[in-house]
Structure formats: C-alpha cells, structure tokens
Amino acid sequence: MSRILITSAIPYINGIKHLGNLVGSQLPSDVYARYARARGHEVMHICATDEHGTPAELAAAKAGKPVAEYCAEMWAIQRDLAEGFGLAWDHFGRSSSQRNHALTQHFAGKLAEAGLIEEVTEKQVYSHTDGRFLPDRYIEGTCPNCGYDGARGDQCENCTKQLDPTDLINPRSAISGSTDLEVRETKHLYLRQSALAGDLEAWIDSKKDWPILTTSIARKWLKDGDGLQDRGITRDLDWGIPVKRGSEDWPGMEGKVFYVWFDAPIEYIAATAEWADANGLQDADWQRWWRTDKGAEEVKYVQFMGKDNVPFHTLSFPATIIGSGEPWKLVDYIKSFNYLNYQGGQFSTSKGRGVFMDQALEILSADYWRWWLLSNAPENNDAEFTWEVFQQGANKDLADVLGNFVSRITKFCRSKFGEAVPTGGTYGEAEEAVIADLQIRLATYEAHMESIEIRKAAAELRAIWVAGNEYLQSAAPWAVFKENPEQAAAITRFALNLAALYATLSEPFIPFASATLREALGSGAKWPESIAETANALPEGHPFTVPENLFTKITDEQREEWEERFAGTR
RNA sequence: GGGCCUGUAGCUCAACUGGUUAGAGCAGAGCGCUCAUAACGCUUUGGUUGGGGGUUCGAGUCCCUCCGGGCCUACCA
C-alpha cells in the first residue's frame with residue numbers, strides 16, 4: 001500500500017461550472033481517488049476554489065456584493081454541487097484562506113532570498129471611471145490592423161493579430177466603456193523563470209510516461225521564441241494576497257497583491273494544511289504529504305487538469321517549488337484533458353452555453369453524468385456531448401446492461417427462492433469459466449485505472465457487467481429450475497454474487513448506484529483479491545432486498561425537452 | 001504568422017517501439033430466450049484507415065505534400 005496525493009485543478013470562483021469543466025479535472029480525479037482508496041492506499045484528495053483576480057472582483061460587483069462575501073457564497077455553492085456529484089475530496093479549500101496567504105508570502109520570500117525575484121517598473125492602463133488598472137483583455141478598441149471595433153488589448157479576435165493596448169485606436173474600458181484612461185507607471189515583481197529553465201527542462205525530460213498533451217505544451221513554452229519568459233507575479237488589485245516577503249512588508253509593493261496564478265497552485269498545499277486545521281491535526285500531519293524531508297518522499301503525487309492549465313502546472317508552479325530551495329513535493333504525474341464540446345460548439349461559461357452543474361443535477365442523478373462523461377472523457381482529443389449520444393449511452397450501459405442485470409437476478413430469486421441467497425447446488429464448469437474470464441478482465445480494469453486511462457477502464461467495467469448477462473443467458477436458471485431446482489439455486493447464488501461484485505467494482509464511476517446496490521444486497525465494499533473468493537461473498541441464506549431499478553431510462557420526450565431547454569443561454 | 005494535437009465502419013472510439021485476413025460499443029439486419037427496465041444472448045451487414053506521393057520485405061503507424069477539424073501563443077483564469 002502506498003500514499004497517493006491527488007489534486008484536481010481548482011475551479012474559478014466566478015460562477016457555476018459546466019460539464020466540460022467537470023470532466024476535465026474534478027471528475028477523473030475523483031474516480032482515481034475512489035479507486036486508490038478502494039485498493040487500500042492512503043489517499044489525500046484535494047480541491048479548492050480559486051478566488052482571486054479581476055473576474056472575481058467584477059462578478060462580485062455585478063452581484064452587488066463585497067468580493068469576500070461573494071466568494072464565500074460561491075464557495076458554498078460549489079461545495080454543495082460537488083457533493084451532489086459525489087466528488088469525495090478530503091478537503092475543499094479556498095485560495096483566500098489564511099493558510100494560503102501565509103504560504104504564498106512564504107514562497108515569495110524564499111524566491112526573493114534565492115535571487116529569483118526581480119522588480120520591474122512598467123506602464124499599465126488605468127481607468128479613472130473604474131478606479132482600477134485594466135488587464136490588457138479588459139481594454140477594447142479599434143484594431144489598427146484590420147479596423148475591427150471589438151479588438152481587445154492583447155489580441156484582435158477578428159484578424160488574430162497580437163496587440164499591445166496602446167496600439168488600439170479609441171481605447172475604452174471593457175468594464176464600463178469609459179474612455180477616461182491613462183497610462184501609468186507601476187512596479188511589479190517578476191519570477192525569474194528563465195533562470196530555472198534548465199532545471200525545468202531536465203525535469204520535464206525525465207517524465208517519459210506523461211501524456212503527450214502535457215509534455216508538448218510544456219516544451220512549447222520552454223523552447224518557443226527566446227525560451228521560458230519571466231512572469232509577473234503581482235497585480236494592482238484589492239482582492240488577493242498582499243505582497244509580502246514571508247511575514248515582512250515589501251517596500252514599494254504596498255497595496256499590491258500576488259497574481260492569482262502565483263497563489264492558486266500553492267493552495268494545493270495550503271488546502272492540505274486547511275484539512276489538518278479542520279480536523280484538529282498538527283502541521284506534521286499535512287507536511288508528511290508535501291515535505292520530502294517529512295515523509296513525502298514516498299508519496300505519489302498526481303494532478304488532474306484541463307489542457308489550459310498545463311503551463312502553470314508544468315512550469316510556473318514547479319518553478320516556485322524548485323526556486324524556493326526547500327524540500328517541497330513536486331508532481332509525479334500530470335493527467336491533462338482536452339475539451340468537451342456541446343452540440344457542435346464549445347461549452348461557454350461567459351456565454352452560458354451548455355449544461356451547468358446545477359442544471360445537470362436538477363434533471364438527472366449524478367451517476368448518469370459521471371458515467372457518460374467519464375466513459376467519454378476527452379483524453380486524446382476534444383470530445384463531443386450531444387443529447388442523443390448521451391441518451392443512448394446512458395440508457396444502454398446503465399439501464400440495460402447493469403441495471404437490468406441486477407433487476408432480473410434479484411427479481412428472479414425473489415419469485416423462486418425468496419429474498420435470501422438460495423442454498424444448495426454447486427458451482428461447475430460454467431461458473432469456473434466466468435470466474436476465469438472475469439479474473440482477466442479485473443486485471444485489465446485495474447491496469448487501466450492505475451495508468452489513469454479513464455475511457456478504457458470504463459469500457460472494461462462495462463464488459464464486466466455484460467459478462468453477467470451472458471452468464472445468465474447461457475445458464476438459464478429459469479429453465480433449469482423446472483428440472484433441477486438445486487442447480488438453479490447455485491446459478492442464482494452465483495449471479496447474485498456477481499451483482500455484489502459489480503457494486504464494488506463500479507463504485508469509482510457510479511458511487512451512488514453502487515451504494516444503493518450494496519445496501520440492497522447487504523454486501524461489503526472490500527476490493528476483491530480474486531474473483532473466485534467473491535463467488536461466495538454472499539453466503540447461502542444471506543438476506544437481501546430487491547432494489548428499485550438502479551437506473552430508469554431517459555425517454556425521447558425528456559431528451560427533446562432538454563435539448564430545447566438547453567439550446568440557448570442560461 | 002508560429003507551435004502542438006487530430007482525421008480509422010452511419011456514430012463514438014481501439015490497434016505496445018511499423019509486423020499475420022484493421023478491432024470494440026452504439027445504430028442497422030436476422031435468429032433465439034422469456035428471469036428482467038419491450039430488457040438480455042447469439043449471429044451478421046458496414047472500412048482503398050481524409051487525398052496524393054515516398055521510404056520499407058512489410059505502413060493506420062515513419063517522411064513529404066495537399067485538404068479538413070481543434071487547441072495554445074504567456075495580463076481572463
């Protein structure tokens with residue numbers, strides 16, 4: 001048994017996440033964490049909200065609330081939705097926590113000591129009307145290249161030309177529309193990532209088994225143009241972590257905060273400290289996950305994220321860790337995901353396009369979403385959600401293959417033998433063959449889970465479900481019963497034990513249905529050492545109840561209604 | 001513009017470092033079963049692997065080129 005630290009990319013605070021966000025990090029990390037726990041590993045599964053930055057301030061302003069209050073409310077909403085989806089992390093933290101304040105300031109101090117922080121005076125656009133500096137993206141105007149009026153300060157969406165805000169003709173604030181702008185000088189801290197480029201490249205090169213999506217993005221940033229660029233790690237904002245050197249003030253940086261991408265990944269560590277605090281534990285209890293001098297050397301650390309997050313996790317955060325000169329844990333494996341598209345376009349938070357977590361739970365229970373999203377996870381390519389494919393997949397896999405298997409065997413048993421595992425008869429060749437087949441499939445399933453091949457694991461799990469229907473069909477206890485009730489009893493007993501096995505094996509993907517099934521059968525959750533031993537896990541005479549149908553089918557009427565309902569914007 | 005990924009049956013995807021007649025699931029067709037959520041099982045029809053060229057004894061896999069889709073490009077996060 002080993003110790004596995006698992007983090008999911010932390011969702012931004014400014015709204016409810018859509019299914020694309022969910023399948024890109026939180027859902028696969030949950031499957032992996034549940035699997036690792038089931039196998040008996042000691043697991044720390046961490047997530048949090050990412051709360052700082054301009055969009056959070058704007059969203060709070062739009063909601064008419066102080067930003068701290070807004071974030072607290074949104075954190076609670078996201079926590080509840082995560083619970084609704086069965087996302088079982090050990091702690092769901094907040095990047096605005098005191099723990100993260102202290103750690104972020106600590107890292108900045110260490111980086112400064114190591115000579116990796118540079119102070120740079122630069123010019124930035126300030127909006128008098130908005131009372132704030134504007135990020136390049138929040139400045140709009142006419143593109144000097146193509147004349148498009150909606151060009152942003154970083155790039156023109158129309159002609160794709162890279163721009164500088166001062167290039168724009170008639171620049172205005174994208175927030176208020178105000179043209180009362182001025183260019184001001186402001187001082188910021190830069191992390192000298194360029195000085196660490198060699199270390200980072202060697203480290204990336206040593207990761208032979210990482211997804212190509214992960215390493216190719218990292219290499220692109222390392223090699224492109226002049227190589228890895230230094231990165232500004234401070235901003236002129238109110239909401240954020242005040243810039244300090246450890247616990248000391250930082251002269252000249254008063255009133256500034258750290259950039260959200262500097263403090264967000266540090267929250268993985270801070271959230272683990274928050275976990276210790278919340279559970280009345282000591283610093284040593286979280287440090288054994290994160291400090292290689294305090295036990296974390298033996299920890300396997302796995303991160304889950306969408307591809308847009310990869311540069312920060314392969315380069316910026318490791319630069320912070322390595323640059324600190326302290327023995328912090330570096331990630332061992334980064335699992336990255338492509339995007340899930342919605343009905344031929346993109347999911348979009350800003351445009352309200354697609355299905356959002358709260359809406360998804362309103363219309364169906366979490367397992368439908370978990371199963372379909374995970375068995376179609378965008379691992380090697382962007383994937384596509386359409387209502388028709390979703391309906392087909394969920395109905396076939398969950399209702400017909402798994403749900404109906406449980407239904408047919410429990411109801412058959414009830415009608416012929418009553419609601420207890422029947423006694424009599426013995427297992428023979430047919431059962432041995434199923435055991436042998438499932439033993440191989442189990443090994444394949446475990447191998448896919450361990451290499452975090454989510455789609456393949458799901459396909460193998462489905463094949464394990466199918467084996468139950470195949471067995472029943474060929475063993476035909478309903479026919480055998482007429483001639484040889486003892487033999488029919490053995491067949492039924494074997495099939496009931498398969499159902500119990502399925503409850504255990506399916507738990508990482510569909511925890512709610514798995515729990516329902518375990519409760520109905522009165523079965524345990526212990527991961528099987530061998531299939532043979534599970535064939536009698538439910539002993540003769542063991543009472544059970546027939547569960548409600550685990551999954552009802554999505555009807556054509558429902559599908560059409562939802563297709564209509566979610567066609568526009570929320 | 002640059003970089004990366006990608007194009008395989010009607011649909012969604014497989015195919016370890018190039019190696020025998022390119023495989024699954026869904027959808028379609030036929031048969032069977034009647035325990036079950038009109039569910040299940042068996043059989044079966046679908047592919048010049050986007051086009052063209054090249055390397056090789058051998059190419060879905062490597063190279064060139066053309067066509068299509070997607071992402072990233074560092075101050076949204």
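A residue is near a molecule or strand if one of its heavy atoms lies within 4 Å of it. This is a predicted model, in which local features need pLDDT of at least 70 and side-chain atom pairs count only at pLDDT 80 or more, while totals for chains, interfaces and linings use all residues. Residues are numbered from 1 along each chain as its sequence is written, chains are lettered from A and ligands numbered from 1 in the order in which they are written, and side-chain values use heavy atoms, with hydrogens and water left out.

**View 1. Residues around RNA strand B.** Of the 55 residues around RNA strand B, those that come nearest are Asp50, Arg137, Gln346, Asp382 and Asn404. Sugar and phosphate make up 72% of the RNA strand B atoms that come within 4 Å of the protein.

View 2. A side-chain N or O atom of aspartate 382 is 2.4 Å from a sugar or linking oxygen of RNA strand B, and a polar side-chain atom of arginine 231 lies 2.9 Å from a phosphate oxygen of RNA strand B.

**View 3. Lysine 256.** Lysine 256 is buried, with a relative accessible area of 10% (buried means under 20%, exposed over 50%, partly exposed in between, with a 1.4 Å probe and protein chains only). A polar atom of the lysine 256 side chain lies 3.3 Å from the backbone oxygen of lysine 187.

**View 4. Cysteine 71.** Cysteine 71 is in no disulfide, and the nearest cysteine sulfur, that of cysteine 47, is 15 Å away, a disulfide being a pair of cysteine sulfur atoms within 2.5 Å. Cysteine 71 is buried, with a relative accessible area of 0%.

Conventions
Polar contact = N/O pair within 3.5 Å; in protein donor to acceptor, adjacent residues only side chain to side chain.
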